[in-house]
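User: Could you take me through this model? I would like to start with how helices are described.
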Amino acid sequence: MDYTIREIQKQEYPLLDNFLYEAIFVPEGIEPPTKSIISSPELQIYVKHFGDSKDDWGLVAEVGGKIVGAVWVRIMNDYGHIDDETPSLAISLYKEYRGFGIGTAIMKEILTLLKSHGYSRVSLSVQKANYAAKMYLKIGFEIVRENEEEYIMVYHL
């Protein structure tokens with residue numbers, strides 16, 4: 001599948017709401033939550049006022065002119081928070097575009113971008129049951145903390 005990865009444009013920031021919803025891991029056999037879940041404060045920190053901080057960075061993946069995935073970071077007190085110098089990462093692709101290497105490619109691209117801007121590491125949280133956890137480990141993320149349901153991972157840039 002042919003795809004292009006590029007920086008997200010300001011007028012595309014509202015799309016992060018869609019990708020935030022897509023990033024919610026729903027285990028097999030469980031009914032997905034309604035889209036209104038993303039209006040909760042613990043999820044809004046990922047997208048509200050995106051672009052206002054110097055630590056907000058994002059990339060999108062396009063297939064045939066359609067944005068099909070996004071990865072973005074910001075320094076926030078989210079599930080994957082490590083400290084106030086380490087950006088937390090969120091990533092998602094529309095389901096029909098998963099499994100083609102786009103997620104891995106866009107992830108590697110954001111890591112390169114963060115390193116070029118002087119960050120020393122990036123963090124994320126992922127449900128243990130989420131297939132993406134294996135991708136993160138394969139790319140080089142390390143588990144630094146865990147609880148019953150999720151891993152907190154860090155990638156050293």
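Analyst: Helices (H or I, at least four residues) and strands (E, at least two) are DSSP runs, numbered from the N terminus. Axes are lines fitted to C-alpha atoms, for helices over the stretch in contact, and angles run from 0 to 180 degrees between N-to-C directions. This is a predicted model: local features need pLDDT of at least 70, side-chain atom pairs count only at pLDDT 80 or more, and totals for chains, interfaces and linings use all residues. Residues are numbered from 1 along each chain as its sequence is written, and side-chain values use heavy atoms, with hydrogens and water left out.

User: At what angle do H3 and H4 pack?
Analyst: Helix H3 (residues 102–116) packs with helix H4 (residues 132–139) at about 45°, and their axes are 11 Å apart.

User: Which residues of H3 and H4 meet there?
Analyst: From H3, Gly103, Thr104, Met107, Lys108 and Leu111 meet Met135, Tyr136 and Ile139 of H4, where contact means heavy atoms within 4.5 Å.

User: Changing topic, how many aromatic pairs are there in the whole structure?
Analyst: The search finds four; rings of Phe, Tyr and Trp (its six-membered ring) pair if their centres lie within 6.5 Å, with planes under 30 degrees apart counted as stacked, over 60 as edge-to-face and the rest as tilted. Phenylalanine 19 and tyrosine 94 form a tilted pair, 4.7 Å centre to centre with 35° between the planes.

User: Where in the chain are phenylalanine 19 and tyrosine 94?
Analyst: Phenylalanine 19 is in helix H1 (residues 15–23), and tyrosine 94 is in the loop between strand S4 (88–93) and H3, 75 residues apart.

User: Which residues do ring pairs link into a cluster?
Analyst: That cluster consists of Tyr136, Phe141 and Tyr155.
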